[in-house]
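Open the viewer and keep the selection tool at hand. This tour goes stop by stop, with something to select at each.

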Amino acid sequence: MNFKLKHLASFIAFGGISLLLAHSSYAAKVSPETRIVTATAQLENKPNLIAVYAKGFVCNSCGIGIRIHLSKIDSVDLTSFNRGVEMDPAQQLLFIAFKPGVEPDLEVIHRAIYDAGYEPDLYYRWTDSGLIVAPLPPLN
Amino acid sequence: MRPNILRLFALLVSIHSTSFADQPIMNMMPRWDGGYGIQVLAENIHHSDLKKGKDVIASGHSETIQQLHLQGVYTWDRSVRLTFKLPYVTDARREVPVVGGTKTIEHDSGWGDLTLALPLKKYFNLNQRTGNWSLTPQLRVPLGNKANDYSIAKRVWGGGLSLGYETETYDFYFATSLTAWTFESPEAAEWSASFDLGWNVRNDLQLLWESDFKWDDEDAFTLSAGPAFYWRYSDRVHTRLEWKHDFVSHMGSDRAQYGNGDRINLGIGLVY
């Protein structure tokens with residue numbers, strides 16, 4: 001029994017160290033300011049693109065459902081990026097391309113990202129007056 | 001005389017469980033509403049010795065199991081999934097000691113027992129981190145073949161419950177779980193714990209170190225650990241290679257079991 005307890009204790013210690021590593025890794029490498037810089041670089045003078053900051057979107061592999069859901073929206077331009085969506089998990093940003101002249105439905109975008117398992121928060125868009133950053137409309 | 005000895009030995013040697021706690025697909029997908037997937041794993045397990053308790057009672061008497069696992073998942077929404085896991089033993093062989101110091105070889109093949117699971121997940125999405133808590137009731141359905149006394153499948157009903165926690169940042173992945181299984185007589189109840197730590201090398205590549213701690217109510221327990229590699233070929237196609245070595249392999253004191261094992265497992269999964 002002592003033998004089991006010793007190994008169980010070592011496992012718990014290993015797990016604790018692993019958890020600390022995982023939690024400590026998200027030090028403040030990313031901030032609202034770095035997202036604005038990234039979004040500006042991608043969106044400048046491209047009115048048919050928007051960017052969305054989605055909380056929790058840190059992994060491309062887990063986030064592929066975002067592309068699956070967004071690419072089903074009629075107004076998304078599937079010929080741009082990868083089926084209309086470029087993912088930047090380092091900044092938790094999604095870039096979505098829309099067909100020229102089509103106004104994106106922000107609530108539909110919110111729903112698609114939420115249904116993919118994430119919490120979309122802000123959107124970024126280039127306008128005549130520069131970059132705007134605003135909350136997405138709430139889900140009904 | 002010899003058949004009787006073999007039969008007695010077969011009764012004394014327990015069936016080694018080859019189930020593992022991971023859920024399809026690669027334990028992490030799909031987390032989106034209406035998502036589904038299927039994966040196939042090819043697994044090779046090799047146990048080097050026949051043991052009783054801590055002691056090797058027949059050195060060099062090995063067991064090798066080669067099997068395919070067909071697994072599937074459907075996600076209603078992020079909090080509710082249904083999964084199935086069905087193994088098929090392509091070939092299993094074990095070396096059985098007989099009187100006089102020689103050994104004979106037994107084989108098994110065919111379908112294993114079906115495992116159904118209902119992972120219930122509570123996701124959290126934070127700034128630069130995501131994760132979930134999970135509660136997974138499971139059911140083992142005895143579909144396994146019974147060709148002879150040597151059978152990889154348990155062939156009894158069983159019920160299991162897992163508690164899990166996963167979290168991931170852009171760089172790291174961490175998962176832990178506790179699982180309990182109880183089976184119809186005469187199979188022993190089992191408990192297991194796992195700790196997985198992963199490093200996201202690239203957006204499409206993850207390296208992991210996985211550790212499993214498993215014991216049963218016949219006093220057997222195994223500590224196995226090893227590396228795993230996950231590679232996303234495309235949004236649809238995902239692959240995983242895993243190797244686990246038994247660093248501690250203690251069998252029950254009442255029954256002989258094959259231990260000191262290594263397990264290699266290669267999987268490919270498709271998600272939609």
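This is a predicted model: local features need pLDDT of at least 70, side-chain atom pairs count only at pLDDT 80 or more; totals for chains, interfaces and linings use all residues.

**Stop 1: chain A as a whole**

Select chain A and colour it by secondary structure. Follow the chain along its sequence, and the order reads α-α-β-α-β-β-α-β-β. Now switch to a surface. Chain A exposes about 6,500 Å², and 60% of that comes from carbon and sulfur atoms. Of its 140 residues, 49% count as buried. Contacts across the sequence matter for the picture here. Among contacts in chain A with a separation of 6 or more, 64% join residues 24 or more positions apart.

**Stop 2: helix H2 of chain A**

Select residues 32–43 of chain A, which make up helix H2. How far apart are the end C-alpha atoms of this helix? They are 16 Å apart, in agreement with the 16 Å that 12 residues should span at 1.5 Å a residue.

Next, show the side chains of Arg35(A), Ala39(A) and Leu43(A), the buried residues of H2(A). They cover an arc of only 45 degrees around the axis, so they sit on the same side of H2(A). What covers them? Strands E1 (49–55), E3 (93–97), E4 (119–127) and E5 (130–135) of chain A are included in that cover. Select these strands together with the helix to see the arrangement.

Now turn the helix around. The face turned away from the buried side of H2(A) carries the exposed residues Glu33(A), Val37(A) and Ala41(A).

**Stop 3: just past the helix**

Step on to Asn45(A), in the loop between H2 and E1 of chain A. Its phi is positive, about 60 degrees, although Asn45(A) is not a glycine. Is Asn45(A) buried or exposed? Its relative accessibility is 59%, above the 50% cut-off, so Asn45(A) counts as exposed.

**Stop 4**

Select residues 106–115 of chain A, helix H4. Show Asp115(A) and Arg111(A), whose side chains meet in a salt bridge at 3.4 Å, N to O. The two residues are four apart in this helix, about one turn. Their surroundings can be compared by accessibility. Asp115(A) is buried, with a relative accessible area of 15%. Arg111(A) counts as partly exposed, at 34%.

**Stop 5: where the chains meet**

Bring chain B into view and select the contact. Chain A gives 43 residues to it, and chain B gives 41. Between them the two chains bury about 3,900 Å², with 63% of that on carbon and sulfur atoms. How many salt bridges are there between chain A and chain B? The count is three. To look at a salt bridge that joins the chains, select Asp235(B) and Arg83(A), which meet at 3.6 Å, N to O. Over all chains, the structure holds 21 salt bridges.

**Stop 6: a charged network in chain B**

Select Asp22(B), Glu43(B), Glu210(B), Asp212(B), Arg240(B), Glu242(B), Lys244(B) and Arg263(B), which are linked in a network of salt bridges. Centre the view on Glu242(B). A salt bridge joins Glu242(B) to Arg240(B), with the closest N and O atoms 2.5 Å apart. Another joins Glu242(B) to Lys244(B), at 3.1 Å. Glu242(B) and Arg240(B) are both buried, and Lys244(B) is buried as well.

**Stop 7: a glycine in strand E15**

Go to Gly259(B), in strand E15 (residues 257–271) of chain B. Gly259(B) is buried, with a relative accessible area of 1%. Gly259(B) and Leu50(B) are 209 residues apart in sequence, while their C-alpha atoms are 6.1 Å apart in space. Among the residues that Gly259(B) touches are His47(B), Ser48(B), Ser249(B) and Met251(B).

**Stop 8: backbone details in the loops of chain B**

Select Met29(B) and Pro30(B), joined by a cis peptide bond with omega about -10 degrees. Pro30(B) sits in the loop between helix H1 (2–12) and strand E1 (36–52) of chain B. Then select Ser185(B) and Pro186(B), where a cis peptide bond has omega about 10 degrees. Pro186(B) lies in the loop between strands E10 (172–183) and E11 (190–202) of chain B.

Finish at Asp219(B), in the loop between strands E12 (205–216) and E13 (221–232) of chain B. Its phi is positive, near 75 degrees. Asp219(B) is partly exposed, with a relative accessible area of 49%.

Notes
Residues are numbered from 1 along each chain as its sequence is written. Chains are lettered from A and ligands numbered from 1 in the order in which they are written. Side-chain values use heavy atoms; hydrogens and water are left out. A salt bridge is a side-chain nitrogen of Lys or Arg within 4 Å of a carboxyl oxygen of Asp or Glu. Buried means under 20% relative accessible area, exposed over 50%, partly exposed in between (1.4 Å probe, protein chains only). Contact means heavy atoms within 4.5 Å. Accessible areas come from the Shrake-Rupley method with a 1.4 Å probe; for residues, only the protein chains shown count as cover. The expected span of a helix is 1.5 Å times one less than its number of residues. The arc is that of the directions from the helix axis to the C-beta atoms. Buried area is the accessible area (1.4 Å probe) that two parts lose on being put together, summed over both. Lists of a residue's contacts leave out its neighbours within four places in sequence.
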